[in-house]
Each structure stands twice: as C-alpha cells, then as structure tokens.
Amino acid sequence: MKNLLIIGAGTAGTIVANRMSRDLRGWAVTVVDPGADHAYQAGLLHVPFDMLDEASITRPRTSTLGPHVRWVREAVRAIDTSGRTVETREGGKYDYDIIVIASGCRIRPDLTEGLTGEGWGTTAFDFYTQAGSSALKRALAAFEGGRLVVNVVEMPIKCPVAPLEFLFLADAYFTERKMRDRVELVYATPLDAAFTKPIAARTLGHLLDQKGISVETEFSTAEVDGGARVVRSFDDREVAYDLLVSIPTHSGADFIETSGLGNELAFVPADKNTLAVDGHENVFVLGDAGDFPTSKAGSVAHFQADALESNLVRATRGLGPLPTFDGHANCFVETGHGKALLIDFNYETEPLTGDYPVPGVGPFSLLEESRANHAGKMAFRWLYWNALLRGRPLPVPAHMSLAGKHLPTTPT
Amino acid sequence: MSSRTIAGAVIDVDAEGFMTQSTQWTPEIAIALSNELGIAPLTDAHWRVLTFARDDTAKHGQSPGPRRIVAGAGVTMKELYALFPKGPGKLVARLAGVPKPKSCL
Ligand SMILES: Cc1cc2nc3c(=O)[nH]c(=O)nc-3n(C[C@H](O)[C@H](O)[C@H](O)COP(=O)(O)OP(=O)(O)OC[C@H]3O[C@@H](n4cnc5c(N)ncnc54)[C@H](O)[C@@H]3O)c2cc1C
C-alpha cells in the first residue's frame, strides 16, 4: 500500500482527501490536522453582525471526512522531503509517497508592534478567528458611536474583499440600529485604492461615497498604539480610532519554515498552474498555504482541488503534472441591506460585469448589487457542508468562462 | 491605455502612467521617470530594489509588496520608505515597469 499524506483538513485538504480516497486503489489516504472541528470561515464575517450564530459555522471534523480517509489528529512539526516522512509535534512519524500541503494560513497580530498590547480585545479586534469575531460581536453591540477603523496591515490576506464587506455590513448594521450618524467608518489599506482593478473601480467606486466610508490609501501599518488609540504607518501617518478592526499580517504554518519550504511569510512557492512545489515532483500545495498570484479564497481552494485531482492521479502513475489551474476565483461580496455583488476572475481576466453562470439569465449578476447574489452567499453554507467538502461536483465550471461576461470595448 | 515617449523610447502606459509592457523597460526610462516623480538621483540602493522588483515579478507573476522587497533586496523597511517616500509599492512598480500591487477587486 502506498501513502498519500495531506497536511490540513480545512476546505482544500478535505475536498482532496475525500476525492482521492474514492479515486485511488492501492493507496492509503491520510490527513493530519490537530483541530477537532472544521470551521466555515466565510461565516466569520456574519458573526459580528449577528447574521449567523457561532454554532452554525462549525462541525465536528469526523462528519466532514469520508469513510476511507484516515484522520491523524496531530500537528505537523516538519516535513523531511528527502526521507519522505512527516514528523508531528506529538512525536508521530508518517511515511509518504506523495504529500499535499493544505495547511492554510493564520493571522499574526504578534508581527505588528503594539497590536496585541493595550486594548487588544477591548478596543482592538480581529474577525478572522472564531474568538475574534465573537468578541467583536459583543463590542459592536456595546459600541455607542465614534470612529471605527478597518485596517488591513499588509497583503496578502485571506478573502481580500472581506474587510470591505465588513465596512458595508457595518454601515447597514449601524443604520438599522439608528445610530449611523454617530459612527464614522474608515478603511485604512496598504493598496492605493479600495477597488484596485479598473473595471471594478469604475463600477463600484460610488459604493464608498454612497455608504459614507472614507479611505486612507497606501497606509502600511508600522505600529498600533492601543493607549493613544492610533495606528501609525511606516511614513509616520496616524489614523485615530475608537474601535479598531484589524486584519493582521497572515503567515503560513511554522512547519513550512522549519522544513525550508516557505517564502518570507512561510507561504509555499509552487507552479501556479500545476500546483507542484518548486523543486519537488511528489510535493503539491493548494489553498491558502500556497504562494499563488490569485486570491486566498475557499473558491480558489475548490477550483485548485479540481485541478489537483487529475495531477495526483497522474503522479501515482509516475506521470508529470499538467498546467490545469487557471487562477479561477468566484466570490460573493456582501454590500449590506440584503444585497451582494459577485465577482468571477482568473490569472488573466479581471472581474467583469455580466451574468453568471448562464449568459443572459444569471441568476447572479457580476459586479452589480442584487438580492439574488446575497441569497447565493447565504445559501452557499449549505452547499459547502453538503456538496463541496464531500467532493461532489458543484453546478459551476472549474475553469473561468467568458460566457455571459461583458468584455471591455476599450482597453483598460 | 496610451503611449508616450520617454528617454527616446515609446512606451505603453495605463491611465495612471504605469507601464503595461514590462519588456519595453530600460534603465534609462527608470532614470527619466525618477526625475519626473522627484526622487532622482537613483542610488545603488534604489537600483537594488528596482532590480529585485523586476526579477521577482517575472518569476512570481505579481509585484512584490514592502515585506517581500525588504526580504529580497537587502534594505530595511525604514530605508525603503526613505528611498521611495509615501507608498513604495506604487513608486517601485512605476519605476520598475511592473504592475502596481493589486487586490482581487
Ligand atoms: C472572515 C473570512 C471570510 C471569508 N470569506 C470567504 C468567502 O466569502 N468566499 C471564499 O471563497 N473564501 C472566503 N474566505 C477564505 C476561505 O475560508 C479560505 O480561503 C479557505 O478556507 C482556504 O482553505 P485551506 O484549506 O487552504 O485552509 P483552511 O480551510 O484554513 O484549512 C487549513 C487547515 O490546516 C490545519 N493546519 C494548520 N497547521 C497545521 C499543522 N501544523 N499540522 C496539521 N494541520 C495544520 C488547520 O487546522 C486547518 O484545518 C474567508 C476567510 C475569512 C477568514
């Protein structure tokens, strides 16, 4: 029996494990993950606004893994790529013939001077963890007004639209609570605009004005002074806050650094089309753990899993990988008041307007606010647990399609 | 998109002045742009950053952010901001002839 070892049973690792345990004969499929539960992270955006309760976004991991997947509940400490073994913090040793890194990424507030100091958990929060989003829900409920600053410390982050979605939902939340006039909403981003792609900027730029959100651009966060309640940038600009919602620096898992497989933030460099890790024929990476020039998103993890499936089958037969992943991402973007946008793009094509997935019909509209899009976003949680994680086909193509999209007539 | 003449060469640029064809770039263009943008003269440290940004973008498919530049070009964060005041990401991209750092939207 040969061994396929998958590190991490989040969105990506679970899909790959469930699919491969059905596809492969004569191979044992093992996932290593220390966490007892699987979290639907997209729901973390809704928890602070009381649109979803905490319990509805987690499930026991056992319920997400198929009957032929072996789950080792340990944390990987290091991979020895020459000896083809993995060592865990608990002292376990596991041999592999092919390994898939799907360990995602995590927030690192400790990497920003002062962020976890005074005020962390009372006036400064994250919403990218379960503890953070629950604490923020209580803080928002108790908020009496003032300046709420959403600060992206640096790129890359998971779901790069989530900070904007947070602001849109905050605008709706405070409006519904009849206190919008007492809340100032500020977005401090390291990029040079809130919308950085030309067509999105043109189509959506008005949303910020319409919702009264001010933007501090090219703001590279150097430190947070929780006592004075200011965020300071490397070029000595200051943004004052009453409530800080920080999206801290992200990094990959420690074992990636220990094993010499990562870049400066422990993301794994790999071929962006085959997902093979640079310099290794039997090591693959997908999802947030990889250093890919596309978004860190669940939809990307899903489309990468589609591409990786055939490359893993090829690898078990001694065949090299094919360049099958096109960078496809597909994300619903909440805009508040029961509406959302949808974006669909890949390595080559920026988000365009149009209908999705059926040209002229939809039901979803690209780069345009609609109630159907919001319904799609909320319904997705059911699909996530019942179809996506199980590795069942979803009614959307793995490769991005230009059908239904409006191509720019003038170059951008 | 339009084109302009700079340092004796014709280059394609977008609405904000970023070069859209990385292959049209020459060091002379970077020097001319540094004059326009008021950060001339370009020192060795500037060139280390610009060279790294070009190599990294070619390899990686997207322009490096500040942390990646610091790790790869041998400058500190403070130096990087002194070399390219207010937003090195955008200025470096502008001078190195690579796309500016972007998000998905
Ligand atoms: C607030 C928020 C909103 C989001 N909204 C959306 C959205 O609307 N749409 C969308 O597509 N995406 C969204 N995402 C992003 C999406 O959740 C992630 O991109 C996706 O979960 C990535 O899957 P992954 O398998 O790579 O990582 P994860 O799902 O994070 O899984 C990584 C797994 O690896 C395990 N692991 C870590 N270290 C080790 C170790 N040392 N040993 C063993 N196992 C380890 C972890 O326990 C975890 O189970 C959102 C994310 C956040 C935080």
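A polar contact is a pair of N or O atoms within 3.5 Å; within protein, one atom must be able to donate a hydrogen and the other to accept it, and residues adjacent in sequence count only if both atoms are side-chain atoms. The exercises below concern a predicted model, in which local features need pLDDT of at least 70, side-chain atom pairs count only at pLDDT 80 or more, and totals for chains, interfaces and linings use all residues. Residues are numbered from 1 along each chain as its sequence is written, chains are lettered from A and ligands numbered from 1 in the order in which they are written, and side-chain values use heavy atoms, with hydrogens and water left out.

**Exercise 1. Describe the surroundings of the ligand and its polar partners.**

Step 1. A polar backbone atom of Val76(A) is 2.9 Å from a nitrogen atom of the ligand. Oxygen atoms of the ligand lie 3.4 Å from a backbone N or O atom of Ser103(A) and 3.0 Å from a side-chain N or O atom of Lys377(A).

Step 2. On its own the ligand has 1000 Å² of accessible area (Shrake-Rupley method, 1.4 Å probe), and the protein covers 88% of that area.

**Exercise 2. Characterise the interface between chain B and chain A.**

Step 1. Chain B gives 21 residues to the contact and chain A gives 32 residues (contact: heavy atoms within 4.5 Å).

Step 2. The buried area, meaning the accessible area (1.4 Å probe) that two parts lose on being put together, summed over both, is about 2400 Å², with 57% from carbon and sulfur atoms. In chain B, Arg67(B), Cys104(B) and Leu105(B) lose the most area to chain A, together 36% of what that side buries.

Step 3. Between the chains there are 5 salt bridges (a side-chain nitrogen of Lys or Arg within 4 Å of a carboxyl oxygen of Asp or Glu). Asp291(A) forms a salt bridge with Arg68(B), their closest N and O atoms being 3.8 Å apart.

Step 4. On the side of chain B, α3 (66-73) and α4 (77-83) are the elements that give two or more residues, and α3(B) provides the largest share, 4 residues.

**Exercise 3. Locate the cis peptide bonds given here.**

Step 1. Gly362(A) and Pro363(A) are joined by a cis peptide bond with omega about 15°; Pro363(A) is found in strand β24 (residues 362-366) of chain A.

Step 2. The peptide bond from Ala40(B) to Pro41(B) is cis, with omega near 0°. Pro41(B) is found in the loop between α1 (27-36) and α2 (44-60) of chain B.
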